[in-house]
Amino acid sequence: LYSDTSMLLLERIGERIGILIEKIKNNTEQRMFVELSDIPVVIINRDGFFEFVNQTFADKLQFDICEILHQPVSAFIHVDDHEKFNWVQSSLKDGKSLNDLEMRLVNKKKEILWISWFAQPQLTDGSFYFVGRDITKQKQETKIKERLSSRINNLVLNLKDGVVFVDRKGIITHVNNAICEMLGYTEQELVVFRYQHASVGTDW
């Protein structure tokens with residue numbers, strides 16, 4: 001969904017925020033920077049509970065910060081991603097950093113949010129910090145495109161006219177049922193031909 005440059009930038013931002021979080025208890029100015037950041041930032045302890053969340057994260061979940069703090073993270077994670085979160089915790093406990101980690105959260109209205117996280121363990125106290133990016137809109141757009149593509153494919157497959165899809169190299173990528181019946185070949189047999197070859201009709 002994102003370029004390598006974007007993901008590298010997110011990782012570097014995460015590393016910088018991680019350094020600030022290390023000093024957060026002793027520096028009010030740095031704490032304010034993290035709290036007011038326009039990207040989600042959270043700290044989770046080794047037991048899987050929130051220790052710190054910034055206002056951006058709370059706003060996305062539509063809960064007050066005090067409602068989130070000291071709650072188990074699993075209470076806000078989509079049920080289908082619980083197993084993935086267990087794997088994340090295990091990896092972080094082993095000292096591994098994780099990048100481009102996509103997980104679904106559920107807000108107060110029971111709406112699904114997709115967040116791409118950079119996660120890293122804090123070696124000083126054993127907790128983990130997460131810096132995220134909201135990719136909900138991109139996920140929704142992708143889902144709409146997939147549904148539209150599926151509907152178009154179904155429509156084309158059921159047309160009475162023969163239809164052939166060809167890529168820029170002249171390779172047949174898709175065909176519908178009508179063209180298979182016209183030519184007497186299966187779809188699997190047709191997609192291996194170049195369109196130029198197929199259109200001659202002499203070597204089939």
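Author: In this predicted model, a residue counts as buried when its relative accessible area is under 20%, as exposed when the area is over 50%, and as partly exposed in between.

Reader: At 24% relative accessibility, is K139 buried, exposed or partly exposed?

Author: The relative accessibility of K139 is 24%. Buried requires under 20% and exposed requires over 50%.

Reader: With which side chain does K139 meet in a salt bridge?

Author: The N to O distance in this salt bridge is 2.9 Å. The pair links distant parts of the chain, with K139 in helix α6 (residues 136-157) and its partner in strand β3, 37 residues apart.

Reader: How many salt bridges does a search of the whole structure find?

Author: Side chains of opposite charge can pair when their charged atoms come close. The cut-off is a Lys or Arg side-chain nitrogen within 4 Å of an Asp or Glu carboxyl oxygen. One of the pairs is D134 with K60, whose closest N and O atoms are 3.0 Å apart. Over the whole structure the search finds four.

Reader: How many residues apart are D134 and K60, the pair that links distant parts of the chain?

Author: D134 belongs to strand β5 (residues 128-134), whereas K60 belongs to helix α3 (residues 55-61). D134 is partly exposed, with a relative accessible area of 26%, and K60 is likewise partly exposed, at 27%. The separation between D134 and K60 is 74 residues.

Reader: Are D81 and R104 buried or exposed?

Author: D81 and R104 form a salt bridge, their closest N and O atoms being 2.9 Å apart. D81 lies in the loop between α4 (65-68) and α5 (82-93) and R104 in strand β3 (residues 98-106), so the pair ties together parts 23 residues apart in sequence. Both D81 and R104 are buried.

Reader: How many disulfides does the count come to?

Author: A disulfide requires two cysteine sulfur atoms within 2.5 Å. C66 is exposed, with a relative accessible area of 64%, whereas C180 is buried, at 13%. By the distance rule, the number of disulfides is zero.

Reader: Which residues have the most contacts inside the largest nonpolar core?

Author: In soluble globular proteins, nonpolar side chains tend to be buried together. The largest nonpolar core here has 25 residues. Elements giving two or more residues to this core include β1 (41-44), β2 (50-53) and β4 (112-121). The residues with the most contacts inside the core are F50, F57, I68, W117 and F130.

Reader: How many residues does the other core have, which lies apart from the largest one?

Author: W117, in the largest core, is in contact with residues including P40, F57, L101 and F130, its neighbours within four places in sequence being left aside. The other core lies apart, and I43, F52, Y129 and V131 are among its members. Its number of residues is six.

Key. Residues are numbered from 1 along each chain as its sequence is written. This is a predicted model: local features need pLDDT of at least 70, side-chain atom pairs count only at pLDDT 80 or more; totals for chains, interfaces and linings use all residues. Side-chain values use heavy atoms; hydrogens and water are left out. Buried means under 20% relative accessible area, exposed over 50%, partly exposed in between (1.4 Å probe, protein chains only). Helices (H or I, at least four residues) and strands (E, at least two) are DSSP runs, numbered from the N terminus. A nonpolar core is a set of buried Ala, Val, Leu, Ile, Met, Phe, Trp, Tyr and Cys residues joined through side-chain atoms within 4.5 Å. Contact means heavy atoms within 4.5 Å.
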